[in-house]
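Please look over the model below.

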Amino acid sequence: MSLILILFFALIFGTVGAVMAGDRGRSQLAWFIICLIFPLIGNILLAVLSNLNEEKNKKLELQNTKVCPQCAERVQLQAKICRYCQHKFDMTNIPIQTKAIANRDIPALMKQYGIEYHVLKDRFTYKSESFKTFKEAYNFATQAPNNHLQNKHITRNKE
Ligand SMILES: [Zn+2]
């Protein structure tokens, strides 16, 4: 009787642990097992540990923003004018690829080139290739279709 009750609670804590882990960017299976073996203790530990999803978002925010030299506020990377102090950014110093990305929005570019983002893996994929950053995937994708078209063009001419 009491064993069944213990198992029942262990399963509940395990399930709660798995859900919590998913929200916090951690392995659901691993935390299901941990919370199953250590009910409550595992859940508390999980709550105390840093939220990996939040950290990821913070990192992404840092990557997609720049510091205004005039007012020291963070603004969007593609911003031409600071939204706090109206400082005009010099866009000529930005590398060409970054500039191309900065001038168009990333979701539209992803759709255009068929680049996908995998949240769980935190990686961008283009066809069978996988990239750590959008810029890498974009650079690859913008070069790959041209090569592909050129090859097609050549084979067509030969026919
Ligand atoms: Zn500013």
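The model is a predicted one. By that count, the protein chain holds 7 helices and 5 strands. Read from the N terminus, its elements follow the order α-α-α-α-β-β-α-α-β-β-β-α.

The chain has 159 residues, and 13% of them count as buried. Among contacts with a separation of 6 or more, 32% join residues 24 or more positions apart.

Three strands form an open sheet in the order 3-4-5, and the pairing is antiparallel. Strand 3 and strand 5 are the edges; each has a single partner strand, so one side of each lacks a neighbour in the sheet. From one strand to the next, the twist averages 30°.

| Strand | Residues |
|---|---|
| Strand 3 | 115-118 |
| Strand 4 | 123-126 |
| Strand 5 | 129-131 |

How many bridges join strand 4 to strand 5? There are 3, and the two strands run antiparallel. Across from T125 stands S130, in strand 5.

**Residue L62**

L62 belongs to helix 4, which spans residues 52-63. Is L62 buried or exposed? L62 has 10 C-beta neighbours inside 10 Å, so L62 counts as exposed. L77 lies 15 residues from L62 in sequence. In space, their C-alpha atoms are 9.3 Å apart.

Technical notes:
Residues are numbered from 1 along each chain as its sequence is written. This is a predicted model: local features need pLDDT of at least 70, side-chain atom pairs count only at pLDDT 80 or more; totals for chains, interfaces and linings use all residues. Helices (H or I, at least four residues) and strands (E, at least two) are DSSP runs, numbered from the N terminus. A residue is buried if 20 or more other C-beta atoms lie within 10 Å of its own, exposed if 12 or fewer, and partly exposed in between; C-beta atoms are placed from the backbone. Two strands pair if DSSP finds at least two bridges between them. Axes are lines fitted to C-alpha atoms, for helices over the stretch in contact, and angles run from 0 to 180 degrees between N-to-C directions. Two residues are in contact if their C-beta atoms, placed from the backbone, lie within 7 Å.
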